[in-house]
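Please consider the aromatic side chains of the following structure and the contacts in which they take part.

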Amino acid sequence: MPRNIALPHIESLASYEPGRPIEEVARELKLRPSSIIKLASNENALGPSPKAVAAMRRALATAHLYPDGGGYYLRKGLAKHLGVGPDNIILCAGSNELIEFLFHAFVAPGEEIVCGDRAFVIYKLCAATFQAHAVEVPFRNHTHDLDAMLAACNGRTKIVFVANPNNPTGTRVDNATLYRFLDRVPNHTIIALDEAYFEFLNDPPDAIRYITVKRVPNIIVMRTFSKIVGLAGLRVGYGVTSPEMVDLLNRVRQPFNVNSIAQAGALASLGDRAHIARTRRLNKQGLAYLGGEFRKMKLEFIPSVANFICIRVGDGRAVFDALQRRGVIVRPLAGYKMPEWVRVTVGTMPENRRFIRALKAVLE
Ligand SMILES: *Cc1c(COP(=O)(O)O)cnc(C)c1O
């Protein structure tokens, strides 16, 4: 590629480093793929719902046809599930795509967004792509500081992002604090509430009430089928917001952004309450086990309400490498300015035990 042909702000971007796929690690370290466990991307340890798999098999027969670009059945199913109208819902190829829609529709070069300094990193990566300025507000106690974030919002702030629970810290804000924040953010600022792990919460907030009952037009709740229902490979998520915002976001959405297999799988997984309940139970059991082991090992960790947990191990990169050689993939957190930490996804109980054994061996 000739030099200086890309836009200058793109030249200086770093690309996002995802959790490493099993096959890639197997090739690199000459391990058998079946000997590797991936606890690096907060995927569902139980796999997808069997009902979703069956629905996706059926959908394969019509894979030669373009998908329903309007996502009629999935939006209708979600509307019923959430108690909103279909016109309150926008579908996306994973909620990461929705974050991009928000920038396309609302953020011009030089404008500002506000996010936490330990929040999900995609917000500030997107800001860099769109030449916007990300104002990073320091976390307090590993948690979003909503009062400080509100204070950081000004006349130029186009979007404020709150991941609740947050990735990678696994922390949440309490409901009263969240509601106070939602009540106060000025209406020229979009409030993007990222609820990727919402379904793991015991006492979840009801932000959708602000959209349907209070009719606040500038709040969008972002959810995904990647985590609780185990369809990360399909790339499907959704936003709940005012019909006006749905209409604006639809203008920047590619017509067939969510494929037909994903639509079928997502709809079927909504109906599989048992799979969701099993996932929550397994996660609670795993969090309790891991927390107990970390305490016994005298390792500092951040108590989590999601399906992953951060542990302070010393040299995060070195521990990540050593675990990987033992066939356990976790996530180093230097990109979050947490170089002493790694993040591990809660797995099945055998996977959790194997992770603890490997961690003990590595730290010795
Ligand atoms: C995983 C995750 C997402 C979105 O994932 P998609 O697969 O793109 O739906 C969004 N926000 C947070 C905080 C996440 O951890």
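In this predicted model, the ring of phenylalanine 308 has the charged end of arginine 343 over it, 5.6 Å from the ring centre. Another arginine is placed over an aromatic face: arginine 209 lies over tyrosine 179, at 4.8 Å from the centre of the ring.

Contacts between rings come next. A pair of aromatic rings is described by the distance of the centres and the angle of the planes. The whole structure contains eleven aromatic pairs. One of them joins tyrosine 66 and phenylalanine 256 in a stacked arrangement, with 4.6 Å from centre to centre and 25° between the planes. This pair links distant parts of the chain, 190 residues apart: tyrosine 66 belongs to the loop between helix 3 (50-60) and helix 4 (72-82), and phenylalanine 256 to the loop between helix 10 (243-250) and helix 11. Tyrosine 66 counts as exposed because its relative accessibility is 66%, whereas phenylalanine 256, at 40%, counts as partly exposed.

Phenylalanine 294 and phenylalanine 301 form a tilted pair, with centres 5.6 Å apart and planes at 50°. Buried means under 20% relative accessible area; phenylalanine 294 therefore counts as buried at 0%, and phenylalanine 301 counts as buried at 16%. Elsewhere, ring pairs connect Phe103, Phe120, Tyr123, Phe130 and Phe161 into a cluster.

Leucine 267 is located in helix 11 (residues 260-270) and, with a relative accessibility of 33%, counts as partly exposed.

Key. Residues numbered from 1 in each chain as written. Predicted model: local features only at pLDDT ≥ 70, side-chain atom pairs only at ≥ 80, totals over all residues. Heavy atoms only, no water. Helix = DSSP H or I, 4+ residues; strand = E, 2+ residues; numbered from the N terminus. Buried < 20%, exposed > 50% of the residue type's maximum accessible area, 1.4 Å probe, protein only. Phe/Tyr/Trp six-rings, centres within 6.5 Å; stacked < 30°, edge-to-face > 60°. Lys NZ or Arg CZ within 6 Å of the ring centre and 35° of its normal.
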